[in-house]
Amino acid sequence: MNRCVKCGVRIIDQTESCPLCCCVVEQCKGKQIQARYPDIRLKERKLDLILRILLFLSIAISVLCIVINVTHHTDIWWSAIVVGGLAYAQLMLFFVVENEHAGYRSKVVLGTACGMAYVVLIDCVFGFTRWSINYAIPAALLAVDGMIIAAMFVNMRNWQSYLMFQILMILCSGVCILLSLIEVITKPEVSYTAFGFSCMMFLATFIIGGRRAINELKRRFHVR
């Protein structure tokens with residue numbers, strides 16, 4: 001019986017490479033070995049340990065920054081930026097890297113939403129001059145629209161599944177329009193651009209998609 005030197009699996013036949021990892025097997029002729037299964041969760045446990053260590057370090061650094069910020073009595077709460085950045089990084093690590101069950105679309109939505117909130121936090125720390133909601137957030141929505149178009153071209157066989165994503169972008173950019181109408185957003189040019197681009201992208205997909213687009217929307221909204 002041969003043994004793989006990488007994953008430790010025992011191989012009955014005389015193959016020269018492991019069927020699991022394609023590594024060269026070790027000849028074990030004349031040796032009495034005990035059959036065992038490879039530890040397939042070893043990498044998962046190592047990653048979980050690394051993430052927990054990073055979480056502890058993030059908490060320690062956050063507490064240290066808050067203490068320094070409070071004891072030095074500065075007018076700018078720079079510690080909020082550090083804490084927010086570390087919290088955003090930990091969220092991305094645990095939800096995007098470790099969580100394999102979450103789809104990439106939900107990861108993009110959550111990552112973008114949390115990134116927008118972090119940008120607003122930075123703006124508030126430095127006096128809220130509204131550059132975050134006037135320019136950064138609408139520009140991020142435009143970037144997500146571009147990512148949707150690129151994903152549709154890559155996944156041509158299932159392009160209609162991105163229609164709901166496009167509707168979500170219309171709603172998000174529509175919120176920016178509402179904020180500009182109540183004068184929360186003082187420079188609405190980028191917001192109107194994002195809203196118009198999202199609407200045109202959905203309209204183009206709906207018209208060009210034809211029957212497949214209609215059927216996808218009926219299926220999503222449970223319309224017969």
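**Helices, contacts and ring pairs**

Q: Where is Arg 130 found?
A: In this predicted model, the position of Arg 130 is described by the helices on either side of it in the chain. Arg 130 is found in the loop between H3 and H4.

Q: Is Arg 130 buried, partly exposed or exposed?
A: The relative accessible area of Arg 130 is 27%. Buried means under 20% and exposed means over 50%. The value for Arg 130 lies in between, so Arg 130 is partly exposed.

Q: What is the phi of Arg 130?
A: Most residues other than glycine have a negative phi. Arg 130 is not a glycine, yet its phi is positive. The value is about 75 degrees.

Q: Which loop holds Glu 183, and what is its phi near?
A: Glu 183 is another residue other than glycine with a positive phi. Its place is in the loop between H5 and H6, and its phi is near 65 degrees.

Q: Does Glu 183 count as buried or exposed?
A: The relative accessibility of Glu 183 is 62%. The cut-off for exposed is over 50%, so Glu 183 counts as exposed.

Q: What pattern does the protein chain follow along the sequence?
A: The secondary structure of the protein chain comes to seven helices and three strands. Read along the sequence, the pattern is β-β-β-α-α-α-α-α-α-α.

Q: What percentage of the residues in the protein chain is buried?
A: The protein chain has 224 residues. A residue counts as buried when its relative accessible area is under 20%. Buried residues make up 29%.

Q: How many aromatic pairs are there, and what is the arrangement of Tyr 88 and Tyr 118?
A: The count comes to two aromatic pairs. In the pair of Tyr 88 and Tyr 118, the ring centres are 6.4 Å apart and the planes are at 0 degrees. Planes under 30 degrees apart count as stacked, so this pair is stacked.

Q: How many residues apart in sequence are the parts that the pair of Tyr 88 and Tyr 118 ties together?
A: Tyr 88 lies in helix H2 (residues 78-98) and Tyr 118 in helix H3 (residues 104-125). Tyr 88 is partly exposed at 27% relative accessible area, and Tyr 118 is partly exposed at 22%. The pair ties together parts whose separation in sequence is 30 residues.

Q: Which helix holds both Phe 202 and Phe 206?
A: Phe 202 and Phe 206 form a stacked aromatic pair, 6.3 Å centre to centre with 20 degrees between the planes. They are four residues apart, about one turn of the helix. Both lie in helix H6.

Q: How are H5 and H6 oriented to each other?
A: The axes of helix H5 (residues 163-181) and H6 come within 8 Å and cross at roughly 155 degrees, and the crossing is left-handed. Angles over 145 degrees count as roughly antiparallel. H5 and H6 are therefore roughly antiparallel.

Q: How many nonpolar residues does the contact of H5 with H6 have?
A: On the H5 side, the residues in the contact include Ile 167, Ile 170 and Ile 177. On the H6 side they include Phe 195, Met 201 and Phe 202. By class, the contact has no charged residues and seven polar ones, and the number of nonpolar residues is 13.

Q: Is Asp 145 buried or exposed?
A: Asp 145 is found in helix H4. Leaving aside neighbours within four places in sequence, Asp 145 is in contact with Met 169, Ala 194, Phe 197, Ser 198 and Met 201. Its relative accessible area is 0%, so Asp 145 is buried.

Q: What is the C-alpha to C-alpha distance from Ile 149 to Thr 205?
A: Ile 149 is in helix H4 (residues 131-154) and is partly exposed, with a relative accessible area of 28%. Beyond its neighbours within four places in sequence, Ile 149 is in contact with Phe 197 and Met 201. Ile 149 and Thr 205 are 56 residues apart in sequence, and their distance in space is 9.8 Å.

Q: Which residues does Gln 90 touch, not counting residues up to four places away in sequence?
A: The place of Gln 90 is in helix H2. At 9% relative accessibility, Gln 90 counts as buried. The residues that Gln 90 touches are Leu 51, Leu 54, Leu 55 and Ser 58.

Notes
Residues numbered from 1 in each chain as written. Predicted model: local features only at pLDDT ≥ 70, side-chain atom pairs only at ≥ 80, totals over all residues. Heavy atoms only, no water. Helix = DSSP H or I, 4+ residues; strand = E, 2+ residues; numbered from the N terminus. Buried < 20%, exposed > 50% of the residue type's maximum accessible area, 1.4 Å probe, protein only. Contact = heavy atoms within 4.5 Å. Phe/Tyr/Trp six-rings, centres within 6.5 Å; stacked < 30°, edge-to-face > 60°. Axes fitted to C-alpha atoms, helices over the stretch in contact; angles between N-to-C directions. Parallel < 35°, antiparallel > 145°, perpendicular 65-115°, else oblique. Left-handed = near helix turned anticlockwise from the far one by under 90°. Nonpolar A, V, L, I, M, F, W, Y, C, P; charged D, E, K, R; others polar.
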